Structure formats: C-alpha cells, structure tokens
Amino acid sequence: MQQDDLFADWPLESTNDALKTGLETLQAFFRGWQAEDFDAVRRDFARLFIGPGHLPTPPWESVYRNEERLIFDKQTLQVRLLFRQFGMVVPTVRHEPEESLWAGNAVRRASVSGGAEGIRTDQPYHTDIALAALDSFFGEHIGQWALPSSPMSRKRRRHPIIAV
C-alpha cells in the first residue's frame with residue numbers, strides 16, 4: 001500500500017470531516033510506514049481488543065450500552081435477531097458475542113455481496129434488503145457505541161494507526 005500510494009488518489013469526494021480526518025491519518029501513517037512497525041501495531045491491537053488479560057477497549061457493544069458492562073446482554077440478542085431477519089450468519093471467533101466490531105465487517109461483506117447480486121440479476125429487492133441491513137446495523141448498533149467510544153480507544157492506544 002505504501003509503494004502504490006493508494007491513499008494519495010482517493011477516488012471519493014466527501015464533505016464529511018471525520019472521513020477527511022481518517023483519510024489524512026492513513027496518508028500520513030503510510031508515508032512514514034516501516035516494515036518493522038507491523039509488530040508494534042499487531043501488539044497494540046491485541047492489547048486493546050483481544051487480550052490476554054484485561055481489554056482497555058473491548059470490541060463488544062453491550063459493554064458500552066449497559067450499566068453492568070456485561071457481554072452477551074440484550075444487545076447480543078438484538079444483533080442476532082437482526083442477522084436472522086436479513087438471512088445473515090455471523091461467524092464468531094472464540095465464542096465471542098455477535099455484537100463485536102468484527103461483526104460490522106461481516107455485515108458490510110454480506111450487504112455488498114447482496115447488493116451486487118441484486119444489481120447483477122436486476123432484482124432491486126435484493127439490493128434494498130442489503131442496504132436495509134447495513135443501515136439498521138450501523139444505525140442501531142455500531143453507530144451507537146463505536147464512534148462514542150473512539151476517544152477512549154485513542155487515549156489508550158500506543159500506535160497512531162489504531163483509530164477506532
């Protein structure tokens with residue numbers, strides 16, 4: 001990515017300040033990227049989101065949205081129901097709840113795939129379902145906790161590329 005300078009010719013215009021800031025962060029990061037930085041990024045990511053031990057910034061919605069800071073709470077059940085409604089299966093790793101940041105990646109993949117299938121087969125219904133799933137998941141779930149918790153993550157990170 002550094003050699004190709006992929007972020008220098010970003011193809012989308014935006015008036016969204018957060019998107020512009022994110023893009024500028026990525027551009028600055030990759031201009032100074034050194035191969036030996038990878039291990040530091042990987043260690044910092046594991047420390048923040050994976051473990052072992054206490055996670056300074058847990059990647060699960062329910063931790064941020066209930067007073068007891070429990071995982072597998074009602075948010076987990078809501079996300080499971082949402083996935084079932086849209087015919088999606090979320091792969092979970094290490095018996096984690098489906099409400100993680102990583103589930104957002106599964107929703108994006110499934111939505112893009114479903115939307116593309118609707119366009120390819122000229123069946124707008126499939127595209128509409130995919131977009132509704134994406135909008136619902138991010139509006140009702142990820143958007144409710146991931147962005148508000150970002151300042152906490154930034155304070156606890158050790159490497160600037162970790163921006164969540």
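So, E61 and R65 sit four residues apart in helix 3, residues 61-65, and that puts about one helical turn between them. Helices here are DSSP runs of H or I with at least four residues, strands are runs of E with at least two, and both are numbered from the N terminus. The two side chains meet in a salt bridge, 2.5 Å from N to O. By salt bridge I mean a side-chain nitrogen of Lys or Arg within 4 Å of a carboxyl oxygen of Asp or Glu. E61 is buried at 1% relative accessibility, while R65 is partly exposed at 34%. Buried is under 20% relative accessible area, exposed is over 50%, and partly exposed is in between, with a 1.4 Å probe and protein chains only.

Quick housekeeping. This is a predicted model, so local features need pLDDT of at least 70 and side-chain atom pairs count only at pLDDT 80 or more, while totals for chains, interfaces and linings use all residues. Residues are numbered from 1 along each chain as its sequence is written, and side-chain values use heavy atoms, with hydrogens and water left out.

Okay, back to the charges. How many salt bridges does a search of the whole structure find? Four. Let me show you two in helix 2. D44 pairs with R47, and their closest N and O atoms are 2.7 Å apart. These two are three residues apart in helix 2, so again we have about one helical turn between them. D44 is buried, with 3% relative accessible area, and R47 is partly exposed at 23%.

The other one is R42 with D39, at 3.3 Å from N to O. Helix 2 covers residues 37-50, and this pair is also three residues apart in it, about one helical turn.

Let's zoom out. Of the 164 residues, 34% are buried. The accessible surface comes to about 10,800 Å², and carbon and sulfur atoms own 56% of that. Those areas are Shrake-Rupley values with a 1.4 Å probe, and for residues only the protein chains shown count as cover. On contacts, meaning heavy atoms within 4.5 Å: take those with a separation of 6 or more, and 54% of them are between residues 24 or more positions apart.

Now the inside. The largest nonpolar core has 14 residues, and the ones with the most contacts inside it are F83, L101, F137, I142, W145 and A146. The elements giving two or more residues to this core are helix 2, helix 4 (74-85), helix 5 and helix 6 (124-156). Which helix gives the largest share? Helix 6, with five residues. For the record, a nonpolar core is a set of buried Ala, Val, Leu, Ile, Met, Phe, Trp, Tyr and Cys residues joined through side-chain atoms within 4.5 Å.

Leave aside its neighbours within four places in sequence, and F137 is in contact with V79, L82, F83, A103, G104, V107 and I142.

While you're there, have a look at R108, which lies in helix 5, residues 101-120. R108 is partly exposed, at 37% relative accessible area. With neighbours within four places in sequence left out, R108 touches L134 and F138. The C-alpha atoms of R108 and A130 are 9.0 Å apart, and those two are separated by 22 residues along the chain.

G51 and P52 are joined by a cis peptide bond, with omega about 15 degrees. P52 is in the loop between helix 2 and helix 3.

Then we have positive phi values in residues other than glycine. F72 has phi near 60 degrees. You'll find F72 in the loop between helix 3 and helix 4, and at 42% relative accessibility, F72 is partly exposed. D122 has phi near 55 degrees. That residue, D122, sits in the loop between helix 5 and helix 6. Buried or exposed, what would you guess for D122? D122 is exposed, with 66% relative accessible area.

That's my tour, over to you.
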